[in-house]
Amino acid sequence: MSSPLDRDLAVLHGMLERGETSAVHLIEEAVERHASLGRELRAYKCFDSDGARARSAALESDTAGPATSPFFGLPISVKDLYGVEGLPTFAGTARRLPSRWEREGFLVRACRSAGGVLVGKTHTVELAFGGVGTNPHWGSPVNPWDRAQERIAGGSSCGAGVSLAEGSAVIALGTDTGGSIRIPAALTGVVGHKLTRGRWSTDGVFPLSGTLDTVGALTRSVRDQIYFFATVDPYCGGPAEAERDLARSEGVRGLRIGVPASALWSEAEPGVAQGVRSALAELERAGARLVELDGRPFDEASSAYLESGLVAVECAAGIDDHIPEWWPLLHESVGTRISPGRSVLATHYVSESNRRLRHAEAAQAWLADVDVAAVPTVPIAPPPQGEVADLDRYVVVNRACLRATTPISYLDLCALSLPAGLDATGLPVGLQLFARGGADLELLAAAWAVERVLGTPAQRLGRPARLS
């Protein structure tokens, strides 16, 4: 029999309400799973077993009746970019950040208020600046889909997806500036949602880019993502109402899926491109309408994101403002890419910012005739960690990891990655759905309809090799 911890969040909440399991039991199992797999998978910078046990016991003792809070007793991992009271924040750097970066912001407070148990801080790329998912300071999480060698898990929320695979968390908080939720979701075979910029506050999170930063989570299914989103989002009426509202009675039938004629398809590894094309063909057979879109806006946005230097400028300014003494401590894979941002002229920064806004405005019209659009989330399979130890190779892989996610960020769109399938070597391939800015609910509805055709990650992919 499966453990209660393996159930959908809505099902698990029902079990808690009926007294069929308890917060103490769930957290004890999460702790045991970490004890069994933590050393091998390396998801966490800091796992707080004692704090999690104390929190679950307190929840049980404070509850006179059934567990009514949506996240009651659920183990939640938190990217080490967020402040969590009682736990240090390193933001992936070599030194603990000043105590003010341990103060809790909107998303952590919302999870606590809903009864969630924060089990620990997951690894991040240093200062979240990169999509590869390695951290030379503290160790890099291991992709669970290859037993033979240690592969990258994707970044910058590199420990988040691994914590879900480990089973020590059922929700993994991350951040996404240029792909940092979607990339690890794709490479570890789970679901990641990049919200429309500005929908949720980023307070309590060490900044990468004040312009593009977003907060959110990785989950084990689209249904779980809807449960998470509806619990936290100030504009939703709760999980039950959201499920009712977002369940498309017609499924994918009539869903208009735009497919950009982008150079990305030829740049992607054959196994990735074929995996996404095959998933789209399944959706078309189920009644979805595939609509070819002009690929130029997507490709131009991908180039402009990297050429503009906006994120490097804002990250460099954040270091200068908050932790200037950290510059000599940065690893070369990060520091050499951020430091050019310190010499960018203000006129260039303003010009590029205005250029981005013009592209973002045009993108709304570009997607006006489709419900969502679809591309591969990451065009490459995750390479071995040893391969990216070489700085030149690291830069190439990093650009590839960011190729398909940065256009969505640059254009102020929202997006979600879910599994398309496995490639010929048994590694996950991500399908990225994206929609107009502000259309997060519509995107979730479409993604859930897609999931009901393709199956949940567990149904589509099976168990990761390291866990089998």
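Is R223 buried, exposed or partly exposed? R223 is partly exposed, at a relative accessible area of 24%; here buried means under 20% relative accessible area, exposed over 50%, and partly exposed in between, with a 1.4 Å probe and protein chains only.

1. Basis of the note. The model is predicted: local features need pLDDT of at least 70 and side-chain atom pairs count only at pLDDT 80 or more, whereas totals for chains, interfaces and linings use all residues. Residues are numbered from 1 along each chain as its sequence is written, and side-chain values use heavy atoms, with hydrogens and water left out.

2. Salt bridges overall. Side chains of opposite charge can pair when their charged atoms come close. A salt bridge is taken as a side-chain nitrogen of Lys or Arg within 4 Å of a carboxyl oxygen of Asp or Glu. The search of the whole structure returns 27 salt bridges.

3. R223 and D8. The closest N and O atoms of this salt bridge are 3.2 Å apart. R223 belongs to helix α7 (residues 222-232) and D8 to the segment before α1 (9-17), so the pair ties together parts that are 215 residues apart in sequence. Helices (H or I, at least four residues) and strands (E, at least two) are DSSP runs, numbered from the N terminus. D8 is partly exposed, with a relative accessible area of 26%.

4. E267 and R403. In this salt bridge, the closest N and O atoms lie 2.8 Å apart. Because E267 is in helix α9 (residues 264-267) and R403 in the loop between α15 (391-402) and α16 (406-410), the pair ties together parts that are 136 residues apart in sequence. E267 is partly exposed, at 47% relative accessible area, whereas R403 counts as buried at 13% relative accessibility.

5. D412 and R356. A salt bridge joins these residues, with 3.0 Å between the closest N and O atoms. D412 sits in the loop between α16 and β10 (414-422) and R356 in helix α14 (residues 346-366); the pair links distant parts of the chain, 56 residues apart. Both D412 and R356 are buried.

6. Surroundings of N143. N143 is located in the loop between β3 (117-122) and α5 (160-166). N143 counts as buried, at 0% relative accessibility. A polar atom of the N143 side chain lies 2.8 Å from the backbone oxygen of L187. Beyond its neighbours within four places in sequence, N143 is in contact (heavy atoms within 4.5 Å) with R151, I152, A153, L187, T188, P382 and R466.

7. Helices α10 and α17. The axes of α10 (residues 270-285) and α17 (residues 440-454) come within 10 Å and cross at roughly 95°. Axes are lines fitted to C-alpha atoms, for helices over the stretch in contact, and angles run from 0 to 180 degrees between N-to-C directions. The two helices, α10 and α17, are therefore roughly perpendicular to each other, a term that covers angles of 65 to 115 degrees. A279, E282 and L283 in α10 meet V450, V453 and L454 in α17. By class, this contact of α10 with α17 has five nonpolar, no polar and one charged residues; Ala, Val, Leu, Ile, Met, Phe, Trp, Tyr, Cys and Pro count as nonpolar, Asp, Glu, Lys and Arg as charged, and the others, Gly among them, as polar.

8. R393. Helix α15 contains R393, which counts as partly exposed at 34% relative accessibility. The C-alpha atoms of R393 and A288 are separated by 39 Å, the two residues being 105 residues apart along the chain.

Definitions and conventions:
A polar contact is a pair of N or O atoms within 3.5 Å; within protein, one must be able to donate a hydrogen and the other to accept it, and residues adjacent in sequence count only if both atoms are side-chain atoms. Angles under 35 degrees count as roughly parallel, over 145 as roughly antiparallel, 65 to 115 as roughly perpendicular and the rest as oblique.
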